[in-house]
Amino acid sequence: MRLSFEEIESQIKRVFMKYGMTEEKAKICARVHTESTYDGIYSHGTGRVARFVDYIKKGWVDIQADPTLERDCGAIRIYNGNMGPGVLNAMYGVEEGMKLASQYGIGMVGLKNTTHWMRGGSYGLYAANRGYIAIMWTNTESVMPPWGAKECRLGNNPFVMAVPGTDGREPMMLDMAISQYAYGKLAMLRLAGKKLPFPGGFDEDGNITDDPGTIEKTRRMLPIGYWKGSSFSFMLDLVATLLTDGIGASDLDHVGKGSCGGASQVMILIDSKKTVDGERMGEEIEKAVKHLKGAALAEHSTGIFAPGDDYINFRKEHDEKGIFVEDVIWNEILSL
């Protein structure tokens with residue numbers, strides 16, 4: 001079905017308030033979930049509402065908790081998320097990181113003992129829309145086998161980079177899981193009865209497959225770049241642990257409080273005004289995009305896309321037709 005931004009946001013806000021959140025906190029969380037859906041990331045927008053409510057009911061997320069400062073090292077600060085709502089903790093971390101960046105040129109916030117931040121790109125865009133360059137990631141429990149193994153020992157560890165928009169261009173933003181497809185994407189395609197565009201994991205016999213349900217069952221996901229993605233995931237987990245004084249996958253696996261319960265997140269914000277003139281930044285962005293998209297198309301190509309083109313295209317479609325929501329997901333939200 002197709003719905004308006006306001007319809008989706010109001011229902012999600014209603015649900016979160018129903019389960020104990022203050023109106024202010026529910027409004028922020030509902031906005032982030034709705035924006036994710038608006039940008040085409042259905043799996044971490046409307047698709048995560050019921051699971052978040054389940055975590056509240058189980059006591060895995062403390063909706064009353066706020067981040068507390070544990071270390072102040074000038075341009076670096078470390079906060080304890082106290083298992084509060086991941087969206088609120090992450091938004092707080094970005095706000096603090098931007099303040100540090102405005103003061104020092106660069107700011108880093110380490111956030112430990114937090115919960116699922118939903119769509120990481122939300123915070124990259126939030127910073128980029130305010131003129132900051134952002135580099136962020138979170139670690140997760142083990143959901144992906146290392147290259148050469150069939151047992152999960154790596155987190156998916158979403159990684160985000162964003163740069164401000166200029167002269168009418170929306171911010172450019174990369175938001176990627178370290179597996180070829182995120183679990184949320186697998187679930188959404190399975191619900192829609194669709195196959196993956198490219199193979200994304202292995203079946204029970206170790207054969208590569210494009211069937212999302214099979215990969216969900218085996219939990220044998222393909223890391224991006226095969227062994228390179230495997231190593232990248234490992235290092236993101238380790239560095240996040242060290243920069244936050246938090247915990248990594250080996251401990252997250254035993255927390256037992258749902259996806260990303262107790263996760264460690266790193267948010268690096270850079271004040272772009274202190275590194276490059278605004279006019280030159282716009283020129284360099286346009287030059288880079290033109291160079292990228294000027295390449296000769298490959299056989300059977302559907303086009304060349306720059307980071308951020310996907311969410312911009314989804315916004316255009318949703319503005320014209322309404323925001324797409326799976327019937328089963330919407331009915332689930334209405335029933336809460």
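Predicted model: local features only at pLDDT ≥ 70, side-chain atom pairs only at ≥ 80, totals over all residues.

Visitor: Fine. Which residues touch the most other members of the largest nonpolar core?

Guide: Phe-16, Tyr-123, Met-136 and Leu-269 do. That core has 54 residues.

Visitor: And which helix gives the largest share of this core?

Guide: Helix 4, residues 86-104. Its share is 8 residues.

Visitor: Let's zoom in on Tyr-123. What does Tyr-123 touch?

Guide: Leaving out residues up to four places away in sequence, Tyr-123 touches Val-32, Gly-86, Val-87, Ala-90, Met-91, Val-94, Trp-117 and Met-136.

Visitor: What does the second core include?

Guide: Met-144, Ile-178, Leu-189 and Met-221 are among its members. This core is separate and has 18 residues.

Visitor: Switching to charges. How many salt bridges are there?

Guide: The count is 25. One of them joins the side chains of Glu-96 and Arg-77, at 3.3 Å from N to O. That pair links distant parts of the chain, 19 residues apart. Glu-96 sits in helix 4, and Arg-77 in strand 3, residues 76-80.

Visitor: Is Glu-96 buried or exposed?

Guide: Glu-96 has a relative accessible area of 7%, so it counts as buried. The cut-off for buried is under 20%.

Visitor: What about Arg-190? Which residue is its salt-bridge partner?

Guide: Glu-216. The closest N and O atoms are 2.4 Å apart. This pair also links distant parts of the chain, with Glu-216 in helix 7 (residues 212-218) and Arg-190 in helix 6 (residues 183-191). They are 26 residues apart.

Visitor: Why does Arg-190 count as partly exposed?

Guide: Because its relative accessibility is 41%.

Visitor: Which residues are linked in a network of salt bridges?

Guide: Asp-39, Arg-119, Glu-170 and Arg-315. Arg-315 turns up again in the second largest pocket, as one of the residues nearest its centre.

Visitor: Okay, that pocket. Which other residues lie nearest its centre?

Guide: Arg-31, Glu-35, Tyr-126 and Asn-129. The lining has 15 residues, and the volume is about 320 Å³.

Visitor: Which elements give two or more residues to that lining?

Guide: Helix 2 (23-38) and helix 5 (121-128). Helix 2 gives the most, with 5 residues.

Visitor: How does that lining divide by class?

Guide: It has 7 nonpolar, 2 polar and 6 charged residues.

Visitor: What lines it?

Guide: Arg-48, Arg-51, Phe-52, Tyr-55, Val-61, Gly-86, Thr-115, His-116 and Met-118 line the largest cavity. Helix 3, residues 49-58, gives the most, with 3 residues. By class, the lining has 4 nonpolar, 3 polar and 2 charged residues.

How values were computed
Residues numbered from 1 in each chain as written. Heavy atoms only, no water. Core = buried A, V, L, I, M, F, W, Y, C linked by side-chain atoms within 4.5 Å. Buried < 20%, exposed > 50% of the residue type's maximum accessible area, 1.4 Å probe, protein only. Helix = DSSP H or I, 4+ residues; strand = E, 2+ residues; numbered from the N terminus. Contact = heavy atoms within 4.5 Å. 1 Å grid on protein atoms, 1.4 Å probe; cavity = no way out; pocket = protein on both sides within 12 Å on 5 of 7 lines; lining within 4 Å. Points joined across faces, edges and corners; volume = space filled by probe spheres on them. Nonpolar A, V, L, I, M, F, W, Y, C, P; charged D, E, K, R; others polar. Salt bridge = Lys/Arg side-chain N within 4 Å of Asp/Glu carboxyl O.
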